[in-house]
Amino acid sequence: MMPLITLLTDFGDRDAYVGIMKGVIASINPAITTIDLSHQIPPQDIASARFNLMNAVPYFPAGTVHLAVVDPGVGHTRRAIALRIAPGFLVGPDNGIFSGVLRRYPALLGVELTNHRSWSTSRPSATFHGRDIFAPAAAYLATGVELERLGTLIDTTTLVELAIPAPIQTTAGIRGAIQYCDRFGNLVTNIPGKWVGSRNWFVNLGSLRIPGRRTYGSVEKGKPVALIGSHGWIEIAINCGHAQSQLQLKVTDPV
């Protein structure tokens with residue numbers, strides 16, 4: 001079976017950018033199947049891309065190539081990379097976009113994509129590496145080309161990580177941070193739901209105490225609730241409301 005390529009970008013669907021990347025992939029191997037994770041990541045929002053990719057990778061078959069392009073540093077000093085992980089491959093910019101995945105699946109091997117023979121042009125655009133470098137690299141990996149042939153080996157301990165504080169357990173409770181806000185306005189923390197288990201629990205936000213419940217509808221409409229989302233993280237929501245707007249929290253804010 002030909003491996004899949006997933007695509008995650010902040011390109012939206014108004015312009016032809018995503019379609020062009022798929023065209024490059026198909027030009028290398030038209031038998032490759034591409035699956036869109038999302039192209040609605042907010043522009044330049046690496047943290048949102050990190051979260052979505054981290055939660056998607058476990059649900060794809062072994063050998064899948066995950067192509068992620070949210071790249072505010074395109075054409076500047078950040079590295080263009082491809083990584084081998086136990087479930088498959090990651091292709092994209094070295095800007096922290098893969099740091100969530102790599103906490104669960106450490107990089108087994110990595111290269112900087114310096115081999116211009118694996119690019120779609122020897123003179124790539126300074127603003128569209130998704131087309132000229134990343135899409136062809138993903139296509140070659142999905143076709144079976146060895147990772148090492150795509151560029152120069154790198155020390156994977158030097159990969160960029162996003163500055164989201166890791167959660168910690170203390171005698172007084174658990175401290176974490178907001179790591180993502182979804183389209184419903186739900187605020188997803190980086191605290192694993194398994195840390196609270198079946199105990200009674202709540203979330204403190206300053207003077208506001210939010211009860212931990214099982215579902216959004218466990219509180220009255222318009223009221224805040226904390227729960228374990230389908231992704232396994234503790235999240236803060238407003239029943240039939242928008243928690244981010246109402247509570248005025250953002251990524252990295254403490255919980």
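These questions and answers cover the cores and cavities of a predicted model.

Reader: Which element gives the largest share of the largest nonpolar core?
Author: The largest nonpolar core has 29 residues. Elements giving two or more residues to this core include β1 (4-9), α1 (17-28), β5 (88-93) and α4 (129-143). Eight residues, the largest share, come from α4.

Reader: Which residues have the most contacts inside the largest nonpolar core, and which residues is V91 in contact with, leaving aside its neighbours within four places in sequence?
Author: Inside the core, the most contacts belong to I5, L67, V91 and L113. Leaving aside neighbours within four places in sequence, the contacts of V91 are V65, H66, L67, A68, I81, A82, F98, L113, F134, A137, A138 and L141.

Reader: What is the volume of the largest cavity, and how does its lining divide by class?
Author: The structure holds two cavities of 30 Å³ or more. Lining the largest are I81, P93, D94, N95, G96, I97, F98, S99, L102, L159 and V160. By class, that makes seven nonpolar, three polar and one charged. The volume is about 40 Å³.

Reader: How many charged residues line the second largest cavity?
Author: This cavity holds about 30 Å³ of space. Its lining is R50, S99, R103, E161 and L162. One of these residues is nonpolar and one is polar. The charged residues number three.

Methods: Residues are numbered from 1 along each chain as its sequence is written. This is a predicted model: local features need pLDDT of at least 70, side-chain atom pairs count only at pLDDT 80 or more; totals for chains, interfaces and linings use all residues. Side-chain values use heavy atoms; hydrogens and water are left out. A nonpolar core is a set of buried Ala, Val, Leu, Ile, Met, Phe, Trp, Tyr and Cys residues joined through side-chain atoms within 4.5 Å. Buried means under 20% relative accessible area, exposed over 50%, partly exposed in between (1.4 Å probe, protein chains only). Helices (H or I, at least four residues) and strands (E, at least two) are DSSP runs, numbered from the N terminus. Contact means heavy atoms within 4.5 Å. On a 1 Å grid over the protein atoms alone, a cavity is a set of points where a 1.4 Å probe fits but cannot get out, and a pocket is an open set with protein on both sides within 12 Å along at least five of seven lines; lining residues have an atom within 4 Å of a point. Grid points are joined across faces, edges and corners, and a volume is the space filled by probe spheres set on the points. Ala, Val, Leu, Ile, Met, Phe, Trp, Tyr, Cys and Pro count as nonpolar, Asp, Glu, Lys and Arg as charged, and the others, Gly among them, as polar.
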